[in-house]
Amino acid sequence: MIRVVLADDESVVRAGVRMILAADPGIEVVAEAGDGRTLVELVRGHRPDVALVDIRMPDLDGLAATAEIRRAVPGTAVLIMTTFGRDSYIARALADGAAGFLLKTGDPREFLLAVRAAAEGGAYLSPKVAARVIGELAGDRLARGTAARERIDVLTRREREVLGLVGAGLSNAEIARRLHLVEGSVKTYVSTILGRLGVRNRVQAAVLAHEAGLADLG
């Protein structure tokens with residue numbers, strides 16, 4: 001059972017997301033919060049697999065809460081829900097260790113895919129979000145694409161395959177099945193890739209994979 005703490009200051013949004021998650025019998029919402037401070041306390045108490053967090057919340061916003069959760073409960077993956085009202089939030093959320101981004105107005109099925117991917121150690125970028133993330137982080141797309149391809153030159157062919165599948169949002173288990181590897185080997189590959197590329201987490205690696213054109217492998 002994947003345990004989730006859900007946070008949004010609008011009760012109607014929480015109710016809607018809770019209904020979406022209830023469609024998967026393997027996902028359970030164990031607690032809800034209407035502000036960032038309560039969210040952090042609930043995550044500390046419940047230690048869920050995933051925290052599904054809105055950016056704009058009172059007391060402590062979603063970004064500050066994400067940073068606090070990643071410090072205090074690193075075993076909990078954080079997924080950011082956004083409407084992209086302010087895109088400058090994206091870079092900060094990536095730096096703070098968010099495991100993925102979802103559009104509130106996107107396909108409801110993406111919530112299920114994202115929660116499962118994050119719980120299994122993966123990253124999830126909604127297709128619409130991925131393009132926007134890259135667009136906002138890339139002042140010069142051509143230059144960043146070239147820089148990304150130069151950065152991945154340090155990787156072996158197999159590591160590039162793994163990075164491409166990380167960029168496509170696959171979990172370690174899914175990558176293992178796709179490449180006919182054991183899951184432990186995939187974890188080792190991912191750890192090595194993060195170190196060689198100098199990125200902090202799978203989402204940053206996924207963005208780099210998209211910029212380098214590797215995510216199409218997924």
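This is a predicted model: local features need pLDDT of at least 70, side-chain atom pairs count only at pLDDT 80 or more; totals for chains, interfaces and linings use all residues.
Is L179 buried or exposed? L179 is found in helix α9, and with a relative accessibility of 13% it counts as buried, because the cut-off for buried is under 20% relative accessible area.

What does L179 touch, if we leave out residues up to four places away in sequence? The residues it touches are R158, E161, V162 and L165. If we take E161 and L179 as a pair, they are 18 residues apart in sequence, while from C-alpha to C-alpha the separation in space is 8.5 Å.

Helix α8 runs over residues 157–167 and helix α9 over residues 172–179, and they pack with their axes 10 Å apart, at an angle of about 130°. The two helices are therefore oblique to each other, and their crossing is right-handed. On the α8 side the contact is made by R158, E161, V162, L165 and V166, and on the α9 side by I175, R178 and L179. If you sort the residues of this contact by class, you will find 5 nonpolar and 3 charged residues, with no polar ones.

H180 is exposed, with a relative accessible area of 72%, and its phi is near 60°, a positive value in a residue other than glycine. For those of you new to backbone angles, most residues other than glycine have a negative phi.

There is another residue of this kind to look at, namely D59, which lies in the loop between β3 (50–54) and α3 (62–72). Its phi is near 70°, again positive although the residue is not glycine, and D59 is exposed, its relative accessible area being 60%.

Let me finish with helix α5, which spans residues 109–119 and whose buried residues are E110, F111, A114, V115, A117 and A118. How are these buried residues arranged when seen down the axis of α5? They fall within an arc of 165°, so they line one face of the helix. After α5 comes G121, and here too phi is positive, with a value near 90°.

Definitions and conventions: Residues are numbered from 1 along each chain as its sequence is written. Side-chain values use heavy atoms; hydrogens and water are left out. Axes are lines fitted to C-alpha atoms, for helices over the stretch in contact, and angles run from 0 to 180 degrees between N-to-C directions. Helices (H or I, at least four residues) and strands (E, at least two) are DSSP runs, numbered from the N terminus. Angles under 35 degrees count as roughly parallel, over 145 as roughly antiparallel, 65 to 115 as roughly perpendicular and the rest as oblique. A crossing is left-handed if the near helix is turned anticlockwise from the far one by less than a right angle, and right-handed if clockwise. Contact means heavy atoms within 4.5 Å. Ala, Val, Leu, Ile, Met, Phe, Trp, Tyr, Cys and Pro count as nonpolar, Asp, Glu, Lys and Arg as charged, and the others, Gly among them, as polar. Buried means under 20% relative accessible area, exposed over 50%, partly exposed in between (1.4 Å probe, protein chains only). The arc is that of the directions from the helix axis to the C-beta atoms.
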